[in-house]
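Subject: Structure for you to look at

Dear colleague,

I am handing over the structure below, and I would be glad if you could read through it with the notes that follow.

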Amino acid sequence: MKEIALHLLDIVQNSVRAGASVVEIGFDLDSSGMLVMSVADDGCGMSPELLERVRSPFTTTRTTRKVGLGIPLLMQNAVLSGGGLELNSEEGRGTVLKATFNTRSIDCLPLGDLASTMATIIMGSPDRPEFHLRCHSPEGEMSFTTEEVRAVLGEDVPLSEPAVSGWIQQSIQEEIEPIFGGIMR
Amino acid sequence: MKSLAELEAIRKATISKINLRNEDKDGATRVVVGMATCGIAAGARPVMLSFVEQVEKKNLQHVTVSQTGCVGMCRLEPMVDVYVPGHEKVTYVHVKPDMVERIVTEHIQGGHPVTEYTIGAAENN
């Protein structure tokens, strides 16, 4: 993966597959350059046994193949920058993933095109779950929810509509540029 | 945030298109982009968004773009399947954003698959 935002696109699928009704995505950059990406869902969660094994590339819940690389690749990139990966999960309650990156390390990936990732995520699961995005840095903060988009569109226009995707992408892009401008590329 | 008024305008503009599309569901062409870890790492996100952009730009009302998981041929990602009703599925491999416009005009609009981008062509090399 060449961007932190691509890891997000990948890892969010786990929350969708877990049957979440709300997925909270957060990016928090502090003044020392540490960036925390968090993904919190209220899906089915993981058993302590699965949680124990889930960082291994040879762990997967799918039945067609024996490998699952999403979490191991994310952890590798977080650790390479001098950060790490934290996972908490409770069966029936949901899962919280936190990946920390030191954005001042030469080995840190750029944040990348977060707006395109959000548009793609929402297009892939237009009906549920609801997605919340919160971004914060010393430069400012923003928030975005699919509920507010849904409130305007009503029941007849799905969030996967091409014109809606374009709007979501542009509106998120406009807001995060001033917040994360320095670490996006 | 970009103005919600703009979103409201999009709602009004698309609602009639959606009704038209619902009347003719069986006639819809489906574009399916592989978006598992392998697809994403190989560059599927801009490919997916290019298809959506082309559908929007060319005002193609009977085309849907969706996402799928890993089909086990990770070395050929990004992969895109195109299902035109009444025709066999066509699988494109190693798709890049600059290939998308040709696939849309020649295959989806024109009815002629872009043979050189297909899995058949890639596997013969």
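Before the first figures, one term is needed: a residue is called buried here if 20 or more other C-beta atoms lie within 10 Å of its own, with the C-beta atoms placed from the backbone. Please also keep in mind that this is a predicted model.

Chain B

In that sense of the word, 34% of the 125 residues of chain B count as buried. Chain B contains five helices and four strands, and these follow one another along the sequence in the pattern α-β-α-α-β-β-β-α-α. The C-alpha trace of chain B spans about 50 × 35 × 20 Å along its principal axes. If one takes the contacts in chain B with a separation of 6 or more, 66% of them are between residues 24 or more positions apart.

The sheet in chain A

In chain A, six strands form an open sheet of mixed pairing, with the strands in the order 3-4-2-1-5-6. Its edges are strand 3 (84-90) and strand 6 (140-145) of chain A, each of which pairs on one side only. On average, and with direction ignored, neighbouring strands of this sheet are turned by 10° against each other.

On one side, strand 5 (residues 130-137) pairs with strand 1 (residues 22-29) of chain A in the parallel sense, over seven bridges, and Val23(A) stands opposite Phe131(A) of strand 5. Strand 5 of chain A is also joined to strand 6 of chain A by six bridges, and these two strands run antiparallel; they form a hairpin with two residues between them. In this second pairing, His136(A) stands opposite Glu141(A) in strand 6 of chain A.

Helix 6 (residues 162-180) of chain A lies across strand 1, strand 5 and strand 6 of chain A, and runs at about 155° to strand 6 of chain A.

Where the chains meet

The contact between the chains takes 32 residues from chain A and 23 residues from chain B. On the side of chain A that touches chain B, at least two residues each are supplied by helix 1 (4-17), helix 3 (70-80), helix 4 (114-124), helix 5 and helix 6 of chain A, and the largest share, 10 residues, comes from helix 6 of chain A. Sorted by class, this side of chain A has 15 nonpolar, 11 polar and six charged residues.

One helix pair spans the two chains: the axes of helix 5 (residues 146-153) of chain A and helix 1 (residues 4-23) of chain B come within 9 Å and cross at roughly 50°.

With best wishes

Terms used: Residues numbered from 1 in each chain as written. Chains lettered and ligands numbered in written order. Predicted model: local features only at pLDDT ≥ 70, side-chain atom pairs only at ≥ 80, totals over all residues. Buried ≥ 20, exposed ≤ 12 C-beta atoms within 10 Å, placed from the backbone. Contact = placed C-beta atoms within 7 Å. Axes fitted to C-alpha atoms, helices over the stretch in contact; angles between N-to-C directions. Pairing = 2+ DSSP bridges. Nonpolar A, V, L, I, M, F, W, Y, C, P; charged D, E, K, R; others polar.
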